[in-house]
Amino acid sequence: MKINFGKYRSKNLIVGKNQKMRPTQAIAKKIIFNLIKIKNEDLVLDLFAGTGALGFESLSLGAKKVIWIDNNLKSYQAIKNNIFNLNLDQKNYQVFHTDFRRALKKIPYKPTIIFLDPPFISEKYYYISLKLIFENDLLSNDGIIILEKPIDYKIDNLKLYNIFINKKLGVNKEIIFLKK
C-alpha cells in the first residue's frame, strides 16, 4: 500500500497482518481527498485506524496533527512502524492502542476531520462512535466526519449530523460526509 498524495507520495506503508482489516481502497481515498482539502491547521482523528493510511495521507497533505486509534495490536504496531519509517515529528501525531470508547473520552482537542471506519462486522460501532462524538462534543464547529460503511447498514443516529455528501462505491459501500 502506498501514500497517494502530498510530500510522502509513493512511500510504502507497512500493513499489519490483521484478518479483519480492509484498507481503504485507492478510489475511496481519491474521492475523500478530492472532496476535502486538508489545511495546515487541520487536526485529524483516524478512529479504527487499521493501516492508518487516511491519517498518513492527511499528514502528507499538510495536516497539523493526527491521532490514530486502534484496538488491534498488529494494526497499532504497523502504524508505529510507518511513523518510524516516515521519520515523523512527534509533535505531529499520537497513536493509541486502546478501545475507541475509552479513547473518545480522552481526545485532547476537537478534530476538524474525523475518519470513522469501524470493522464491518460490528454495525453497532458506527452507532456508538457517532453518539460518543456527539455527546462529548468532539467535532470542531467547522469539522467533518468521513464515514465509510456498507450500504445496507442503517444507522439511526446519523440524524445527529448534517449529511452534505453521500458517495456510493459500487453496490456494497458508501462514504458519507457529515457536519454538525
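This report walks through the fold, the sheet, the cores and a few single residues of a predicted model.

## Overall build

Start with the parts list: the protein has five helices and seven strands. Along the sequence they come in the pattern α-β-α-β-α-β-α-β-α-β-β-β. With a radius of gyration of 15 Å, against the 16 Å that the globule rule gives for 180 residues, the protein is as compact as a globular protein of that length. Its C-alpha atoms fill a box of roughly 40 × 35 × 30 Å along the principal axes.

As for burial, 54% of the 180 residues count as buried.

The seven strands make an open sheet with mixed pairing, in the order β3-β2-β1-β4-β5-β7-β6. At the edges sit β3 (93-96) and β6 (162-169), each of which pairs on one side only. On average, neighbouring strands are turned by 15° against each other, direction ignored.

At the β3 end, β2 (residues 65-69) pairs with β3 in the parallel sense, over four bridges. One spot to look at is I69, whose bridge partner in β3 is F96.

## Helices on the sheet

Helix α3 (residues 73-86) packs on the sheet and touches β2 and β3, with its direction at about 160° to that of β3.

Helix α5 (residues 123-135) lies across β1 (43-47), β4 (113-116), β5 (144-150) and β7 (173-179). Relative to β5, α5 runs at about 170°.

## Two nonpolar cores

In soluble globular proteins, nonpolar side chains tend to be buried together. Here the largest nonpolar core has 33 residues, and those touching the most other members are I32, I36, F56, W68, L88, F115 and I146. L88 is a handy one to click on: leaving aside neighbours within four places in sequence, L88 is in contact with Y8, F56, L59, W68, I83 and Y93.

There's also a second, separate core of 28 residues, including I67, Y126, I133 and I176.

T112 lies in the loop between α4 (100-104) and β4. Is T112 buried or exposed? Its relative accessibility is 13%, and the cut-off for buried is under 20%, so T112 counts as buried.

The T112 side chain makes a polar contact with the side chain of D42, at 2.9 Å. Beyond its neighbours within four places in sequence, T112 is in contact with D42, L43, L139, S140, D142, G143 and I144.

## Two loop residues with positive phi

Most residues other than glycine have a negative phi. N87 is not a glycine, yet has a positive phi of about 55°. N87 sits in the loop between α3 and β3. With a relative accessible area of 66%, N87 is exposed.

D137, also not a glycine, has a positive phi of about 45°. This residue is in the loop between α5 and β5. At 36% relative accessibility, D137 counts as partly exposed.

Notes. Residues are numbered from 1 along each chain as its sequence is written. This is a predicted model: local features need pLDDT of at least 70, side-chain atom pairs count only at pLDDT 80 or more; totals for chains, interfaces and linings use all residues. Side-chain values use heavy atoms; hydrogens and water are left out. Two strands pair if DSSP finds at least two bridges between them. Axes are lines fitted to C-alpha atoms, for helices over the stretch in contact, and angles run from 0 to 180 degrees between N-to-C directions. Contact means heavy atoms within 4.5 Å. Buried means under 20% relative accessible area, exposed over 50%, partly exposed in between (1.4 Å probe, protein chains only). A polar contact is a pair of N or O atoms within 3.5 Å; within protein, one must be able to donate a hydrogen and the other to accept it, and residues adjacent in sequence count only if both atoms are side-chain atoms. A nonpolar core is a set of buried Ala, Val, Leu, Ile, Met, Phe, Trp, Tyr and Cys residues joined through side-chain atoms within 4.5 Å. The radius of gyration is taken over C-alpha atoms; the globule rule is 2.2 Å times the number of residues to the power 0.38.
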